[in-house]
Amino acid sequence: MNKEMIIVLDFGGQYNQLIARRVREQGVYCEVHPYTLGIEKIKAMNPKGIILTGGPNSVYGEKAIKVDEELFKLGIPVLGICYGAQLMAYTLGGKVSSAPTSEYGATEIILESDGGSILAGARGNSVCWMSHTDYIEQVPDGFDIIAHSEVCPVAAMENADRKLYATQFHPEVTHSEEGDTIFANFVKDICECTCEWKMDAFVKNAIDEAKAKVGNGKALCALSGGVDSSVAAVILSRAIGKNLTCVFVDHGLLRKNEADEVEAVFGASGNYDLNFIRVDARERFYKALQGVEEPEQKRKIIGEEFIRVFEEEAKKLGAVDFLVQGTIYPDVIESGLNQSDVIKSHHNVGGLPDHVDFKEIIEPLRMLFKDEVRKAGLELGLPEGLVFRQPFPGPGLGIRIIGEVTKEKVEIVQEADAIFREEMASFGWDKKADQYFAALSNLRSVGVMGDFRTYDYAVVIRAVETSDFMTATSVELPWELLKKVTSRIVNEVEHVNRVMLDCTSKPPGTIELE
Ligand code: XMP
């Protein structure tokens, strides 16, 4: 595999994952590391370029994070962003001060001349995303000012001879109109990368690495049918064949027909050789959830029960050396890059045992973002329906049924959800919403059907748009679609006489109802 790499040194900014994504979009492999990585380790990694991120600190004062000046003498191109820009200026003898006026949000920048190397080809005036109170008052010797804004005299600076570049604004944020220009200039022209990082090479490499690691050992994977665990399982299957076993736990809280669909793809009649074991644990989960109404307690019971079932299956199989997990890069980054170099990866994925006796954990996707996992899935020939499946929470319908979960309620929500999904697809809205589902309120109300009074449940439907699932807005579904879904649900699903639309944003709501 092409080992060309750019390193992002993380100073605790909020957009750091985005920087890595932007570099990878240019076709170069990129890793995020804590700023404490150290010069020797950086040299050993032999990166083509280094990017210093933004962060909440000031370069002066008690909490100042410093960086070894040596970093700027390695001959490796460095791009400093926001705090990273100030750190570069300060370390090399420039002056950083607290700005009289802070700049937040979309801001116009004006190029000084031709934009230097870092902004070559950019428009003379463009909008960028600023978020700072400190600013570079004076650039270090040998640096040119490349751009300014109304209140910021140094919006970008560079010392092309030393290959050092900096932007006070955030090129990684989509609001920065010339963000792509900056990353393309840095990666291609300045770092001279060949930009050949592609998913087929990644997949091949992941298979080879897993093969080398597991050897003739045995591995076990908890397969949920979601894209992450499915891609991880198929990579391992390609690597070790029959020595992989995949356990799929049907906890009775899946969507309509989901267990059968997963088995059709991954079971004995499917195209993959996964030693697929389907465990029917439905009754066991319903029993454990009997009488429980409190959401957190429900989650805990579902999580614990899942672990018990999985452990029992592992024991039946005898000695298994490796546990395969579908951990992805955002989990790795979010689990405290700044606190420790060693990431306890098995804590990243909820609901899996950490006291089962495995020698090692294998996480073939730990360096991939979600969209890259999807590309890997396509590369491995997984069906598109599975690769682009909307997210489904681990506790499943258990957190889409408000109050006590019963088998009957699960059936109601499964039927209603299947109708909603079917109509979303037939109206062409399934690709426009990032997540959509039906849930069951524990509200019962009076209705009339035929000549009879009814006293039945209200189903809630919800469709949201989101890019990161941290915030979300309700999708404005067409009235025709809503009418059709409502009519079908009350007519076709027994014990439902009302359909409600949840159009709450997140915040203040969450995406799930519990
Ligand atoms: P909320 O409801 O927190 O959901 O706005 C954000 C995203 O996370 C999913 N979600 C979960 N996924 N286990 C999971 O694997 C969980 O316990 C869980 N709770 C929420 C949710 O479906 C949405 O995509």
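This report describes aromatic ring contacts in one predicted model.

Residues are numbered from 1 along each chain as its sequence is written. In this predicted model, local features need pLDDT of at least 70 and side-chain atom pairs count only at pLDDT 80 or more, while totals for chains, interfaces and linings use all residues; side-chain values use heavy atoms, with hydrogens and water left out.

The structure contains nine aromatic pairs. Rings of Phe, Tyr and Trp (its six-membered ring) pair if their centres lie within 6.5 Å; planes under 30 degrees apart count as stacked, over 60 as edge-to-face and the rest as tilted. One of the pairs joins Trp197 and Phe202, edge-to-face, with 6.2 Å centre to centre and 80° between the planes. Phe420 and Tyr436 form an edge-to-face pair, with 6.0 Å centre to centre and 85° between the planes. Phe420 lies in helix α13 (residues 407-426) and Tyr436 in strand β15 (residues 435-449), so this pair ties together parts that are 16 residues apart in sequence. Helices (H or I, at least four residues) and strands (E, at least two) are DSSP runs, numbered from the N terminus.

The table gives the burial of these residues. Buried means under 20% relative accessible area, exposed over 50%, partly exposed in between (1.4 Å probe, protein chains only).

| Residue | Relative accessible area |
|---|---|
| Trp197 | 10%, buried |
| Phe202 | 7%, buried |
| Phe420 | 1%, buried |
| Tyr436 | 9%, buried |

Elsewhere, ring pairs link Phe11, Tyr35 and Tyr83 into a cluster.

Charges also meet rings. A charge sits over a ring if NZ of Lys or CZ of Arg is within 6 Å of the ring centre and within 35 degrees of the ring normal. The charged end of Arg255 sits over the Phe392 ring, 4.1 Å from its centre, and that of Arg400 sits over the Phe437 ring, 3.9 Å from its centre.
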